[in-house]
Amino acid sequence: MNKMTKSDKGAAYDVMKVRADFPILAREVHGKPLVYLDSAASAQKPQQVIDAISRAYGHEYANVHRGAYYLSETATAAYEAAREKVRRFINAPSLKEVVFTKGATEAINLVAATWGRTFVKAGDEIVITSVEHHSNIVPWQLLRDATGCVLRIAAVARDGSIDIEEFAKVIGPKTKLVAVAHVSNVLGTVLPVREIAALSHEAGAKLLLDGCQGIVHEYVDVQDLDCDFYAFSGHKLYGPTGIGVLWAREALLEAMPPYQGGGDMIDSVTFAKTTWAPPPAKFEAGTPPIVQAIGLGVAIDYLNTLDRAAVAAHESALLRYAMTSLAQVPGIRLIGTAPGKAAVQSFVMEGAHPHDLATVLDRSGVCVRAGHHCAQPLMEILGVTATTRASFALYNTMAEVDALIAALRKAQEVLL
Ligand code: C6P
């Protein structure tokens, strides 16, 4: 366990109590206390989620929506209860609007393949930004190749902020869809999504938010955000892998054709003709990720036990401390400094390749991500091939920021 610094003690938010819920944080790596600063890639899981998964497989497991026996009914009730937990967490108006997928990537592909192929025609425009993750670029390129629509890119300023007036210039009468990250996974920028929603709807376009990072760091109320689609993954929200969510307005889901065909998504099947079940079942073909959905529901329960405002304040304090401390290390340049950003910090160290740096940091027990972060076009715009990225979660401490800085100084001795 890392030593507490003064600033980890006595704060309104008891981070040490929260850490105790995450068993992996007590382990060592290379003989050093684990300092996990890669939660933007995937967050660690609290014991409550681990126990729920074990209980579901050990005591309550059967297929859902199929069996007329107790265990199947119990599993179905737990699976559908998870949907209700998600609905409440994002304040969706209806359970029909919460579609379980295997992750954000599948959710965005679902929209591109169904809504996109039905409603987007040659010459129509899809607007994305230059900070997008490949998951919110490539599905639209596939759609462009299939339909002849045009992909337009809204630029981001050098500090990672978005100038809404510049953004407005890219949206026009041909815009059918605006698809943007809620929060950038590389820069931490929180995009001005409400303004973007207003601009999109004024132009008659739909708005898709890639909420992979946003769901973790922001309060998400899909009605207040006024978006049309919201996609996220469970594993970044302290839940299991293999589960994600597509939220979409009910009318859109009604109008969209199914994504995949199979069991559970039908109303009736004959060799001549098949009719679809209503949403969300229409988009959940085959046996769904049952236990993963239950685990996500328990991750949401867990978050609901915490004071979310205190969590947000804690993450902001970690980010401020990390930005100030990193800036004091000679040769380090911060990448992404937009005001109001989320607790994700990219940087480069002069003379050291990010991959080498991450490998050396690992020897000190510090886990950070290095590379293009699945945002190669953004790397090109930033004029780098890769960055090192530290991302902070509700269980990180100021002492871990100190450990990162100490490991960076040590790495400089090794690498430079
Ligand atoms: N970003 C990161 O280290 P999946 O893989 O489907 O769970 O999430 C894809 C995805 C989509 N959009 C954004 C903004 C994301 O950050 C991610 C995942 C991880 O930054 C892994 S590449």
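Me: How many residues does helix 2 have, and how far does helix 2 reach?
Reply: This is a predicted model. In it, helix 2 covers residues 47–59, which makes 13 residues. From first C-alpha to last, helix 2 reaches 17 Å. That is close to the 18 Å expected at 1.5 Å a residue.

Me: Which residues of helix 2 are buried?
Reply: Val49, Ala52 and Ala56. Look down the axis of helix 2: the buried residues fall within an arc of 60°, so they line one face of the helix.

Me: And what do those buried residues pack against?
Reply: Helix 11, residues 290–305.

Me: Which residues are exposed on the other side of helix 2?
Reply: Gly58 and His59 are exposed there.

Me: New topic. Where is Gln213?
Reply: Gln213 sits in a loop. The loop runs between strand 8 (206–210) and helix 8 (214–217).

Me: Is Gln213 buried or exposed?
Reply: Buried. The relative accessible area of Gln213 is 4%. The cut-off for buried is under 20%, so a residue at 4% counts as buried.

Me: What does Gln213 touch?
Reply: Leave out residues up to four places away in sequence. Then Gln213 touches Ala40, Val183, Ser184, Asn185 and Lys236.

Me: Zooming out. How many helices and strands are there in the protein?
Reply: The protein has 15 helices and 17 strands. Its radius of gyration is 22 Å, close to the 22 Å that the globule rule gives for 416 residues, so the protein is as compact as a globular protein of that length.

Me: What box do the C-alpha atoms fill?
Reply: Roughly 70 × 55 × 35 Å, along the principal axes.

Me: What about contacts between residues at least 24 apart in sequence?
Reply: Take the contacts between residues at least 6 apart in sequence. Of these, 71% join residues at least 24 apart.

Me: Last topic, domains. Which residues belong to which domain?
Reply: The domain assignment gives domain 1 as 15–46 plus 307–415. Domain 2 is 50–304.

Me: How many Å separate the centres of the two domains?
Reply: 28 Å, taken over C-alpha atoms.

Me: And how many residues are in contact between domain 1 and domain 2?
Reply: On the domain 1 side, 40 residues. They are in contact with 31 residues of domain 2.

Terms used
Residues numbered from 1 in each chain as written. Predicted model: local features only at pLDDT ≥ 70, side-chain atom pairs only at ≥ 80, totals over all residues. Heavy atoms only, no water. Helix = DSSP H or I, 4+ residues; strand = E, 2+ residues; numbered from the N terminus. Expected span 1.5 Å × (residues − 1). Buried < 20%, exposed > 50% of the residue type's maximum accessible area, 1.4 Å probe, protein only. Arc of directions from axis to C-beta. Contact = heavy atoms within 4.5 Å. Rg over C-alpha atoms; globule rule 2.2 N^0.38 Å. Domains from an automatic or database assignment.
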